[in-house]
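Here's a quick briefing to read alongside the model. Keep the 3D view open while you go through it.

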Amino acid sequence: MTSLLIPDYWRHFVDTNHLLGREIEFPWPGEENLVAVIEILDDKNIEMEANELWPGIGIRKDGFIPIGGCSIGSGDPYCINIHDGEGGPLYVADHECVGLEGYDRDNAISVVFKSYKELLHYLPDKTNA
């Protein structure tokens, strides 16, 4: 398996806020009645999503790292991009739009939050975080 560099700033964010394995529910951007649930992945599952599963395999070359899974079963991973640096956007990758032939970034990748740090606004109980 190819080694993947998971940025230290991401590990620090997850560790500091005790997010590993947590599920965070938030309203889907632009959709009043829809919610999304992201489960924050550990390093082993990040590596697996990026190196062994689609769409991770297809998007990692462009700097996208799958850091969360959809807990309601869409199969679409939540990602950060190493080119954005600390505090960059949280993205979601549409697994149906990425394949062996490549992908159209405008159709396959969507911004969920302008900064992944916005996830902290949706923690169910900040006193236990």
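What follows is a short tour, from the whole chain down to single residues.

This is a predicted model, where local features need pLDDT of at least 70, side-chain atom pairs count only at pLDDT 80 or more, and totals for chains, interfaces and linings use all residues. Residues are numbered from 1 along each chain as its sequence is written, and side-chain values use heavy atoms, leaving out hydrogens and water.

**Overall build**

- You'll find 4 helices and 6 strands in the chain; these are DSSP runs (helices: H or I, at least four residues; strands: E, at least two), numbered from the N terminus.
- Reading from the N terminus, the order is α-β-β-α-α-β-β-β-α-β.
- The radius of gyration is 14 Å, which agrees with the value near 14 Å for a compact globule of 129 residues; it is taken over C-alpha atoms, and the globule rule is 2.2 Å times the number of residues to the power 0.38.
- Along the principal axes, the C-alpha atoms fill a box of roughly 45 × 35 × 25 Å.
- Take contacts (heavy atoms within 4.5 Å) between residues at least 6 apart in sequence: 51% of them join residues at least 24 apart.

**Surface and charge**

- Of the 129 residues, 43% are buried; buried means under 20% relative accessible area, exposed over 50%, and partly exposed in between, with a 1.4 Å probe and protein chains only.
- D8, which sits in helix α1, counts as exposed because its relative accessibility is 61%.
- D8 and P66 are 58 residues apart along the chain, and their C-alpha atoms are separated by 15 Å.

**Inside the fold**

- In soluble globular proteins, nonpolar side chains tend to be buried together.
- A nonpolar core here is a set of buried Ala, Val, Leu, Ile, Met, Phe, Trp, Tyr and Cys residues joined through side-chain atoms within 4.5 Å.
- The largest one has 25 residues, and W10, I67 and Y78 have the most contacts inside it.
- Elements giving two or more residues to this core include α1 (8-16), β1 (23-27), β3 (64-70) and β6 (109-113); α1 gives the most, with 4 residues.
- Skipping neighbours within four places in sequence, the contacts of I67 include W10, I38, Y78 and L90.
- There's also a second, separate core of 9 residues, and C79, Y91, V98 and I109 are among them.

**A buried strand residue**

- V37 lies in strand β2 and is buried, because its relative accessible area is 10%.
- V37 and I24 are 13 residues apart along the chain, yet their C-alpha atoms are separated by 5.4 Å.
- Not counting residues up to four places away in sequence, V37 touches several residues, including I24, G69, I72 and Y78.

- Most residues other than glycine have a negative phi, and most peptide bonds are trans.
- The peptide bond from W54 to P55 is cis, with omega near 10 degrees, and P55 is in the loop between α2 (43-51) and α3 (56-59).
- H18, in the loop between α1 and β1, has a positive phi near 55 degrees without being glycine.
- H18 counts as partly exposed because its relative accessibility is 48%.
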